[in-house]
Amino acid sequence: MAADYQRVVVLAADLSEHSEKAFNWYVENFHKTENKVVIVHTPEYSMGHSEMSPSKIEESIQEVLAKTEMIKSKYVEKMSEHEMNGEFVALDDRNPGQAICKFAERINATFIVTGTRGLGKFRRTVLGSVSDYILHHSHVPVLICRMKYLDDK
């Protein structure tokens, strides 16, 4: 995949504001026309044990698929508006950070771009952070767009 383009950029996306701001920052400050941008999203299925009826499971799956399609439509349209070469890939993994790192390595990505919600140290430790995981486990350089910086602009 990387052979056809000067750089292959993996950009982690969801429906959050920090994800959209990271995309916009990348486009305004870093993107080159010869880059291929691969927007990746890892759908998250979250169901408790009390919600394990077949109808609840099916409803949850449909909601996740609809959300993934919304993300795909949003970012494919944004790439088209900016005349960017790229594609959208939904990754199937329970751990978004791990999935993004493995995918970037598999396609020989040049670097990964991700946003961050700016969780405090305690919340990041307890909840975990996708951007933190990517930063510490990626085999390619990582560009993290912090919300605080983007809000100040």
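Modeller: Along the sequence, the elements follow the pattern β-α-β-α-β-α-β-α-α-β-α, which gives 6 helices and 5 strands (DSSP runs numbered from the N terminus, with H or I over at least four residues for helices and E over at least two for strands). The model is predicted, with local features requiring pLDDT of at least 70 and side-chain atom pairs pLDDT 80 or more, while totals for chains, interfaces and linings use all residues. Residues are numbered from 1 along each chain as its sequence is written, and side-chain values use heavy atoms, without hydrogens and water.

Among contacts (heavy atoms within 4.5 Å) with a separation of 6 or more, 78% join residues 24 or more positions apart.

The strands form an open sheet in the order β3-β2-β1-β4-β5, with parallel pairing (at least two DSSP bridges between two strands). On average, neighbouring strands are turned by 20 degrees against each other, direction ignored (axes are lines fitted to C-alpha atoms, for helices over the stretch in contact, and angles between N-to-C directions run from 0 to 180 degrees). Helix α2 packs on this sheet, where it touches β2 and β3, and its direction makes about 170 degrees with that of β3.

An α-helix has 3.6 residues a turn, so residues three or four places apart point the same way.

T68, in α2, counts as buried because its relative accessibility is 11%. Beyond four places in sequence, T68 touches H41, P43, F88 and A90. The C-alpha atoms of T68 and D14 are 8.2 Å apart, although 54 residues separate them along the chain. After α2 comes E83, with a positive phi near 50 degrees.

Elsewhere in the sheet, β4 (residues 111-116) runs parallel to β5 and is joined to β5 by 5 bridges; T114 stands opposite I144 in β5. Both T114 and I144 are also in contact with S131, as are G115 and T116, leaving aside neighbours within four places in sequence. S131 is in helix α5 (residues 130-137) and counts as buried because its relative accessibility is 6%. The side chain of S131 makes a polar contact with that of S129 at 3.2 Å (a pair of N or O atoms within 3.5 Å; within protein, one must be able to donate a hydrogen and the other to accept it, and residues adjacent in sequence count only through side-chain atoms on both sides).

S138 lies in the loop between α5 and β5. S138 counts as buried because its relative accessible area is 18%. Its side chain reaches the backbone oxygen of V140 at 2.7 Å, and beyond four places in sequence S138 is in contact with C101 and I112.

Terms used. Buried means under 20% relative accessible area, exposed over 50%, partly exposed in between (1.4 Å probe, protein chains only).
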